[in-house]
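Please consult the sequence and the structure alongside the text.

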Amino acid sequence: MDIRYERKANQSFMVIEGEPCEVGYEEQMLRQNEVKILLSFYTIEMNRHIEYWHDITGKQSLRDYLEREGLNPETLRQVVLYLGIAYEELTRYLISQEHLFVSADTVFVKKDGLQVAMFFCYRPYVNMTVQEQLLSLWEYFLTIVDHKMEEFMTMCYEIYDLIMSGCFTMEEIQQRIQSLSQSDVGQIEECQSMPYVEKVQLCRENTEGEEVRPGKYDDYKYDEELKVDEELWPTKELDIMKWIQSMCQAVMEKLSSVKNLKDKKKELYLPKKEEEDDLIYQPEEEYDRPTVLLHGGEMACAGKLLYEGSGEEEDILINKEVFRIGSKEKDNDAVLHSSGVSRYHARILKQGESYFLEDLNSKNGTYVNGKQLNYKEKLKLQSMDQVRFADALYRIV
């Protein structure tokens, strides 16, 4: 099996070669029905072999996604959830589940803000059973799982044994992942991704019959707390003025307490600004802020990218073995602000004493001396090479 990556204009493709086979019904079904969870593709037949051109524009492989996000209960749950949906969709269209090509390099991920979507590759000549493909995928998971997360690591090995036994369903795997204990923090984070009205309603349902506490607020309980106990109503013997003063003070204390709780609730549920899609190249915009360099795990400076463009970018110091470049802050070591630069645009890798530049399937491309790199293509950098990230021009020294 041969896989390569090609670019045509602003589109990126994963090309898989193989021997022609009789799958007329399946391909006809896929042409007539849009199965959104599958990568769109077209085929080319030549010289007694067939090529499947899968459109991966704006997406990254599962391997690259997990390298950035890490393997944790949430990312694993996402993979298994989408994998189960993909198998169900193929069954609905009477397509063999074994024709879903599942691996860390053929499953692709698109993340927009808080939303994550996964897409799968159709290839009718996989020659591997569903069990064999899942075992291979899980073996990859076991190589990257953090062994400090003992409970999660144990669960991963248990699922591997379950798949090895041959007696499993995707629902069983999902249940095992879902059963992994989650803290209240995880529930709050899930709540934060909902619209404000839905979050309040969810919290009201969760707190029915419970004491109000941070993370589970309930507006109607504030009113109950402010109700005046009828037994405190003044009698003829009670000094009316003292009673009024004491009640005013009590009410003010209650209002102050409620205000603090509501301020906490507002801060807790303040919706996060979602990220925008990567833009196709547009003229550069002016930015008041300079390029941000994030430092961590630094080593001796391996090189420097001198900015040669007309915008407001700054020079880049390459000081890590895996040095990421893109427009998304906090996730990159060098943050560029040109509108044409993708959130996760490229990275520079140290291999021995050499450094290689790799494009991360950016929309507007990465170029070295005018040559555009394909996705996953690594090109060795030389002194005085001209490097361009979309429209941001640099020279390595």
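Leaving aside neighbours within four places in sequence, with which residues is Asp64 in contact? Asp64 contacts Arg347, Leu360, Tyr375 and Lys376, where contact means heavy atoms within 4.5 Å. The model is predicted, so local features need pLDDT of at least 70 and side-chain atom pairs count only at pLDDT 80 or more, while totals for chains, interfaces and linings use all residues. Residues are numbered from 1 along each chain as its sequence is written, and side-chain values use heavy atoms, with hydrogens and water left out.

**Asp64 and its setting**

- Asp64 lies in helix 2; helices (H or I, at least four residues) and strands (E, at least two) are DSSP runs numbered from the N terminus.
- Asp64 is buried, at a relative accessible area of 3%; buried means under 20% relative accessible area, exposed over 50%, and partly exposed in between (1.4 Å probe, protein chains only).

**Helix 2 against helix 3**

- Two packed helices are described by the angle between their axes and the distance between the axes.
- Helix 2 (residues 62-69) packs with helix 3 (residues 73-92) at an angle of about 160°, and their axes are 11 Å apart. Axes are lines fitted to C-alpha atoms, for helices over the stretch in contact, and angles run from 0 to 180 degrees between N-to-C directions.
- Helix 2 and helix 3 are therefore roughly antiparallel to each other; angles under 35 degrees count as roughly parallel, over 145 as roughly antiparallel, 65 to 115 as roughly perpendicular and the rest as oblique.
- The crossing of helix 2 and helix 3 is right-handed. A crossing is right-handed if the near helix is turned clockwise from the far one by less than a right angle, and left-handed if anticlockwise.
- Helix 2 contributes Leu62, Tyr65, Leu66 and Glu69 to the contact, and helix 3 contributes Thr75, Gln78 and Val79.
- By class, this contact holds four nonpolar, two polar and one charged residues. Ala, Val, Leu, Ile, Met, Phe, Trp, Tyr, Cys and Pro count as nonpolar, Asp, Glu, Lys and Arg as charged, and the others, Gly among them, as polar.

**Helix 3 against helix 4**

- Helix 3 and helix 4 (residues 130-144) pack at an angle of about 165°, with axes 13 Å apart; helix 3 is thus roughly antiparallel to helix 4.
- The crossing of helix 3 and helix 4 is also right-handed.
- On the helix 3 side the contact is made by Leu76, Val79, Val80, Leu83 and Tyr87, and on the helix 4 side by Val130, Leu134, Trp138 and Phe141.
- The contact of helix 3 with helix 4 has nine nonpolar residues, no polar and no charged ones.

**Phe141**

- Phe141, in helix 4, counts as buried at 0% relative accessibility.
- Not counting residues up to four places away in sequence, Phe141 touches Leu62, Leu66, Leu71, Leu76 and Val79.
- The C-alpha atoms of Phe141 and Arg63 are separated by 9.7 Å, although these residues are 78 residues apart along the chain.

- Three strands form an open sheet in the order 5-7-8 with antiparallel pairing; two strands pair if DSSP finds at least two bridges between them.
- Strand 5 (60-61) and strand 8 (115-119) are the edge strands, each pairing on one side only.
- Strand 5 pairs with strand 7 (residues 108-112) over two bridges, and Gln60 stands opposite Val109 in strand 7.
- Strand 7 pairs with strand 8 over five bridges, with Lys111 opposite Val116 in strand 8.
- Two residues separate the strands in the hairpin of strand 7 and strand 8, where Gly113 takes a positive phi near 60°.

**Strand 20 and its partners**

- Strand 20 (residues 386-389) has a covered face, Val387 and Phe389, and an uncovered one, Gln386 and Arg388.
- Strand 17 (residues 366-368) pairs with strand 20 in the antiparallel sense over three bridges, and the bridge partner of Thr366 in strand 20 is Phe389.
- Strand 20 and strand 21 (residues 392-396) pair in the antiparallel sense over four bridges, with Val387 opposite Tyr394 in strand 21.

- Most residues other than glycine have a negative phi.
- Ala390, in the loop between strand 20 and strand 21, has a positive phi near 60° and is buried, with a relative accessible area of 2%.
- Lys330 has a positive phi of about 75°, lies in the loop between strand 13 (322-326) and strand 14 (334-335), and is exposed at a relative accessible area of 76%.
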